[in-house]
Amino acid sequence: MNHDTLTELLTAVAQGRRSVDQAADILKHLASEDIDFAHIDHHRCLRKGFPEVIFGEGKTPGQIIGIMERMLIQEQVVLATRVDAEKAGAVLCRFPEAAYDTDARMIILKKEDPPVTGNGTVLILSAGTSDIPVAREAYLTAKMMGNRVESVFDVGVAGIHRLFRHRSLIEKAAVLVVVAGMEGALPSVVAGMVRAPVIAVPTSVGYGISMKGITALFAMLNSCSSNVAVVNIDNGFGAGYMASSINHITIPSATR
């Protein structure tokens, strides 16, 4: 439940369009709800500005469906990440109005498109085409959280001239998410071009000594560009979420 939904409910009670009992029934799970295999944090949207997101890996289709059914009562959008195609097929049979992004392995169930509430544009860059799945996860997360989001794929350091074609877009972005595997060099290059925060995402893409993303992770953590922060390997969701958090920062007006 978000602030607008809560306000609408209380207004309906005040105007007599809903009874106190009806409101009490809706609000009895305002904080959390125990459905045996999960404790759903219904309060998260009020507390943090976006609902709890379902991590699909390790969950059965039935568990994902059960959580989504209860969340949909209170939320405008429900996301499930790391859902393989087989599980997604079962979920979409229950929720045919949902969408599944094959690259991001993400299910999106929304009642309406989220309004744009972020301050600027979030730009998602991928070093290679093989990094697109993680980049798409970041893109969709940031978009569903109410941001203007742009993306540019396959502009890694092996052909650095490709990156400079998009210099204007890069310089105008409020927050950048840079996704790279192999040696993980692209975030340092991009951060050296801009004053905006750069969220670096190492991916598990690469040959043997890349060690499933550890080499890229270490390289990003050792970046000499000071405006780089790093999330975990393949964590596109975390990068998109952090980008949205930064893009929604408001500075309170000074009080006298």
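**Ground rules**

I am working with a predicted model, where local features need pLDDT of at least 70, side-chain atom pairs count only at pLDDT 80 or more, and totals for chains, interfaces and linings use all residues. Residues are numbered from 1 along each chain as its sequence is written, and side-chain values use heavy atoms, with hydrogens and water left out.

**Whole chain**

I looked up the secondary structure and found eleven helices and eleven strands. These are DSSP runs numbered from the N terminus: helices are H or I with at least four residues, strands are E with at least two. Of the 256 residues, 45% are buried. Buried here means under 20% relative accessible area, exposed means over 50%, and partly exposed is in between, with a 1.4 Å probe and protein chains only. I then turned to contacts, meaning heavy atoms within 4.5 Å. Among those with a separation of 6 or more, 67% join residues 24 or more positions apart.

**The core**

A nonpolar core is a set of buried Ala, Val, Leu, Ile, Met, Phe, Trp, Tyr and Cys residues joined through side-chain atoms within 4.5 Å. The largest one has 27 residues, and those with the most contacts inside it include Phe-50, Ile-108, Val-177 and Val-201. Two or more residues come from each of β4 (77-81), β6 (106-110), β7 (121-126), α6, β9 (175-180), β10 (198-202) and α11. Which element gives the most to this core? It is α6, with seven residues.

Leaving aside neighbours within four places in sequence, Ile-108 is in contact with Val-77, Val-78, Leu-79, Ala-98, Ala-99, Leu-140 and Met-144. Apart from this core lies another, of 22 residues, among them Leu-125, Leu-186, Ala-216 and Val-228.

**Helix α6**

Ten of its 13 residues are buried, including Ile-132, Glu-137, Tyr-139 and Met-144. From first C-alpha to last, α6 reaches 18 Å, close to the 18 Å expected at 1.5 Å a residue; the expected span is 1.5 Å times one less than the number of residues. After α6 comes Gly-146, with a positive phi near 90°.

**Helix α11 and the crossing**

How do α6 and α11 meet? The axes of α6 (residues 132-144) and α11 (residues 236-247) come within 7 Å and cross at roughly 35°. Axes are lines fitted to C-alpha atoms, for helices over the stretch in contact, and angles run from 0 to 180 degrees between N-to-C directions. Val-134, Glu-137, Ala-138, Thr-141 and Ala-142 in α6 meet Gly-236, Phe-237, Gly-240 and Tyr-241 in α11. By class, this contact has five nonpolar, three polar and one charged residues. Ala, Val, Leu, Ile, Met, Phe, Trp, Tyr, Cys and Pro count as nonpolar, Asp, Glu, Lys and Arg as charged, and the others, Gly among them, as polar.

**Two positive phi values**

Arg-82 has a phi near 55° and lies in the loop between β4 and α5 (85-94). It counts as buried because its relative accessibility is 17%. Arg-105 also has a phi near 55°, in the loop between β5 (99-101) and β6. With a relative accessible area of 33%, Arg-105 is partly exposed.

**Last residue**

I ended on Thr-121 in strand β7, which is partly exposed at 23% relative accessibility. The C-alpha atoms of Thr-121 and Lys-172 are separated by 7.7 Å, though 51 residues apart along the chain. Beyond four places in sequence, the contacts of Thr-121 include Arg-148, Glu-150, Val-175 and Asn-247.
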